[in-house]
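Please keep the structure in view while reading.

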Amino acid sequence: MPSELAILNIRQAASPPKAGPLRGKEMSSLEIKHDVNIAIDGGKISYVGQEFVKADQYIDGSQLVVIPGFVDCHTHIPFVGSRSGEFIMRLSGKSYMDIMKAGGGIRSTVKEVRKASATRILAESLDFLDSMLSLGVTTVEGKSGYGLDRENELKQLKVLRALDSIHPVDVVPTFLGAHAVTEEYRSAGEFLDLMAEMFDDLVGLTDTIDIFCENGVFDEDQSRQYLMKAKEKGFKVKLHADELSASGGGRLAVELGAISADHLISADDETLALLAESETVATLLPGTSFFLNEPFAKGRKLIDLGAIVALASDFNPGSCNIFDPFFIIFLAVSRCGLSVEEAINAYTANSAKALCLENKKGRLEVGYDADMVLIRAEDYREIVYNFSMDLVEGVIKNGNRLR
């Protein structure tokens with residue numbers, strides 16, 4: 001019986017050599033196959049090899065490089081509104097925290113999201129997902145965190161569930177109620193208590209809870225107490241860690257067995273060593289460093305120490321209005337010290353691990369989801385040199401060609 005779809009005579013297929021996590025030196029190589037055929041059935045990869053495949057539909061791969069679909073394991077979809085004015089303020093010397101303390105930053109987007117209907121938030125988020133899919137992003141994590149009260153946090157999570165059900169991109173929801181403290185609360189402690197009271201309401205909407213562990217937002221002790229409550233309720237936990245200062249977030253992530261610690265721009269050497277010895281994924285977000293004109297995370301050192309390193313966009317309206325995976329990979333290679341192979345592994349197998357999807361996403365392997373990017377190139381390494389070009393010939397999502 002013929003397969004549903006086959007890509008024949010692929011010039012070069014480049015895939016992580018095993019399921020995530022890849023750590024340290026394991027990240028430095030890809031499994032490369034030339035003149036290979038890939039068959040797809042039921043949304044899964046059913047064959048990878050050089051035997052001819054009978055299929056109902058064919059794609060000529062002779063001029064293409066094929067890699068797994070990108071897994072963006074840290075975005076702040078869904079949101080509405082622009083913070084372009086804040087970008088201009090930063091150009092004049094204001095810091096991210098200066099703007100936030102003055103009532104801008106996260107709180108500015110909170111005002112917009114609270115005013116917006118779920119329908120408007122859904123519609124704008126669908127446009128973002130369309131653009132991301134056209135660039136080869138086939139799975140994203142989306143966070144709440146722009147509602148910051150019960151009604152609007154649940155609104156965001158319900159939008160995320162709706163996006164997952166109606167858009168081809170797989171959308172993985174995370175609760176980030178602990179994103180900032182708004183004016184109606186007297187203290188960070190009072191706010192976190194109210195967010196923790198929501199945990200029972202989250203069942204069926206998400207299984208993961210995040211917090212912005214940062215000096216001036218939620219400190220290490222507050223984050224520990226909050227996340228321990230989450231773990232007691234059976235949730236997986238992750239942290240925005242050591243982004244703007246060495247706040248202890250990375251260290252806390254290891255202590256709590258968090259699935260990931262994200263940002264790590266300001267993580268000290270002790271924290272990097274702890275992460276390297278742990279199962280916590282160190283997720284780097286170089287687009288944020290670029291957008292905020294901040295230092296870049298020490299990706300080279302993390303990998304040399306043996307850490308599990310992932311890449312993601314941090315796409316959001318304030319601190320990183322970027323979702324292009326090719327640009328993120330360019331920054332990871334040129335600013336964080338990763339090799340091209342390490343960056344691809346970080347944006348596929350390891351980012352899938354950061355979402356606990358490592359056994360179904362992030363590889364060109366039989367049994368994995370048929371999520372792939374078809375790239376016009378002679379070699380996979382060209383994606384860094386030509387990062388600003390339109391390289392994507394097509395995207396296959398769940399076995400369907402969508403571009």
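Which residues in H6 meet Gln222, Tyr226 and Lys229 in H7? In this predicted model, the residues on the H6 side are Ala188, Gly189, Leu192, Asp193, Met195 and Ala196. Taken together, the residues of this contact divide into 5 nonpolar, 2 polar and 2 charged.

Two packed helices are described by the angle between their axes and the distance between the axes. Helix H6 covers residues 188–196 and helix H7 covers residues 220–232, and the two pack at an angle of about 10° with their axes 10 Å apart. Because angles under 35 degrees count as roughly parallel, H6 is described as roughly parallel to H7.

**Empty space inside**

Rolling a probe the size of a water molecule over the atoms shows where empty space is left. The structure holds 3 cavities of 30 Å³ or more, and the largest cavity has about 90 Å³ of space. Of the 14 residues that line the largest cavity, His76, Tyr96, His179, Asn316 and Ser319 are the closest to its centre. The second largest cavity is lined by Ala13, Ser15, Glu31, Lys33, Ile38, Val48 and Leu364, and strand E2 (12–15) and strand E3 (31–33) each supply at least two residues of that lining. The table sets out the volume and the lining classes of these two cavities.

| Cavity | Volume | Lining residues by class |
|---|---|---|
| Largest cavity | about 90 Å³ | 4 nonpolar, 7 polar, 3 charged |
| Second largest cavity | about 60 Å³ | 4 nonpolar, 1 polar, 2 charged |

**Backbone details**

Most residues other than glycine have a negative phi, and most peptide bonds are trans. Against that background, the peptide bond from Gly20 to Pro21 is cis, with omega near 10°, and Pro21 has its place in the loop between E2 and E3. A cis peptide bond also joins Ile77 and Pro78, with omega about 10°, and Pro78 is found in the loop between strand E8 (70–72) and helix H1 (84–91).

Asp35, although it is not a glycine, has a positive phi of about 50°, and Asp35 lies in the loop between E3 and strand E4 (36–41). Leu148 is a residue other than glycine with a positive phi near 60°, and Leu148 is found in the loop between strand E9 (137–143) and helix H5 (150–166). Is Leu148 buried or exposed? With a relative accessible area of 0%, Leu148 is buried, because buried means under 20% relative accessible area.

Conventions. Residues numbered from 1 in each chain as written. Predicted model: local features only at pLDDT ≥ 70, side-chain atom pairs only at ≥ 80, totals over all residues. Heavy atoms only, no water. Axes fitted to C-alpha atoms, helices over the stretch in contact; angles between N-to-C directions. Helix = DSSP H or I, 4+ residues; strand = E, 2+ residues; numbered from the N terminus. Parallel < 35°, antiparallel > 145°, perpendicular 65-115°, else oblique. Contact = heavy atoms within 4.5 Å. Nonpolar A, V, L, I, M, F, W, Y, C, P; charged D, E, K, R; others polar. 1 Å grid on protein atoms, 1.4 Å probe; cavity = no way out; pocket = protein on both sides within 12 Å on 5 of 7 lines; lining within 4 Å. Points joined across faces, edges and corners; volume = space filled by probe spheres on them. Buried < 20%, exposed > 50% of the residue type's maximum accessible area, 1.4 Å probe, protein only.
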